[in-house]
Amino acid sequence: MKSEEENARRSEPDWQTSNVQRPNQNEIRDAFENFVVPSYTRFDLVLERGEGSYVWDANGKRYLDLAGGIAVCSLGHAHPEITAALTEQSSKLIHVSNLYYYELQARLAKRIVDLIAPGRCFFCNSGAEANEGLFKFARKFGHDENRYEIITTVDSFHGRTLAGIAATGQAKVKKGFEPAVAGFKHVPFNDLEAMRAAITKSTIAILIEPIQGESGITIATPEYLLGLRKLCDEHNLLLLFDEVQAGHFRTGKFQSWQRILEGAPCLPDGVSMAKSLGGGFPMGAFWVREKYADVLSAGTHATTFGGTPLACAVALRILDVIERDDLAENARKIGEFLLSELQGLVKKHPKILRAARGFGLMIGLEFVPDAAVFGREEKSPAIQIVNRLHTGGILTVPAATSVIRLLPALNLKRSEAEEGLRAIENVIVDLAKET
Ligand SMILES: *Cc1c(COP(=O)(O)O)cnc(C)c1O
């Protein structure tokens, strides 16, 4: 154990007290190792600043950011409109609590309702919290009939709170935290018959991600979504969509189910949102359909920081910019370009690449997991590729064991997409040579 004195000294690293010396990367890593809970496996990069779709590390090396903070930085880095919204609103009113009315939360709720359908919004601070709200909504709705069970899908991801990991259909997320919150079970994704068979008299809701992100970009079929709606109507169940990662115009429509169905009428009963909503300012929300507006009545749900004037000012400004610059269309167009180019690479390198799939700027590139070239390192193929892409100056996000995800800013430029493709192709050509 370290002495108290040493801990006190370490808590004030030299680089904090010196204006002259830039932090040394080893010191930063060292401080992480000594003071931060080691629950994340981090890549060996120390990032310092960003602008648009680029970030710079502590050595001054530039990276094209196709990771987007995991689908968070919807307008890229250091966007002047976000900076303006933050500075303007913070000099007026940052926080007052939900004991009072204020204009910006009402305006944001109306914007979201206008983009989905008549209903109500609740604001919170993260995706896990938005899903928690939907779980409470479902439990409250079913309470008097003693219905509480929520069916989710295998390989889903719904956040890291206790109920979030109970809802998540991945054993590795649950392991070590038993006993699990009761009332969740999982069935295979895109399998309507499995869902039908799992419904019991205790079931109250079905929750899915219309596009599964963490498990490698798996897209619900239109028939599945429409079939789930029908099942829910037949059994008086709530249909809940987790749009935390896929939502907010990333696919070319506000929410991904709207893109998958392209106008076919289908409305869920609840939708969770977060990631891109605040563009990096922490924010979550859920929407429930108007006929369920009264389920979470006064006193049943709350959070101190939910929908502060500052958070809502940022979210409203992001919606303004997305609309003004037609970023939904940009996401669709640039996404189609990226996907077709990546599919071309898949055809050219079948020994390395298995598939490319996605909608808009939510794209997964799947590698052949047992390609010999990946056998030399213990790390998963996904991690190996992401590392190689770092060397090539590109940030991407691993998913499952052999998929990399592209989740860039919605204002990604065509020239930036081309730059990303070149770097990806270089890595694949190298892998093919080494095979
Ligand atoms: C990221 C994510 C969450 C959890 O959001 P947090 O803000 O990390 O709590 C939930 N669902 C999906 C689909 C996600 O991608």
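How many residue pairs are in polar contact between domain 1 and domain 2? I count 11, both residues at pLDDT 80 or more; a polar contact is a pair of N or O atoms within 3.5 Å, where within protein one must be able to donate a hydrogen and the other to accept it, and residues adjacent in sequence count only if both atoms are side-chain atoms.

I note that this is a predicted model, with local features needing pLDDT of at least 70, side-chain atom pairs counting only at pLDDT 80 or more, and totals for chains, interfaces and linings using all residues. Residues are numbered from 1 along each chain as its sequence is written, and side-chain values use heavy atoms, with hydrogens and water left out.

Domains. I looked up the bounds, which come from an automatic or database domain assignment: domain 1 is 44–73 + 327–434 and domain 2 is 81–324. Their C-alpha centres lie 27 Å apart. Each domain gives 24 residues to the contact (heavy atoms within 4.5 Å).

Buried area. I find about 2,100 Å² buried between the two domains, 60% of it on carbon and sulfur atoms; this is the accessible area (1.4 Å probe) that two parts lose on being put together, summed over both. On the domain 1 side, R332, F359 and M362 lose the most area to domain 2, together 33% of what that side buries.

Salt bridges. I find 3 across the interface, the rule being a side-chain nitrogen of Lys or Arg within 4 Å of a carboxyl oxygen of Asp or Glu. I also looked up R405, which forms a salt bridge with E214, their closest N and O atoms being 2.9 Å apart.
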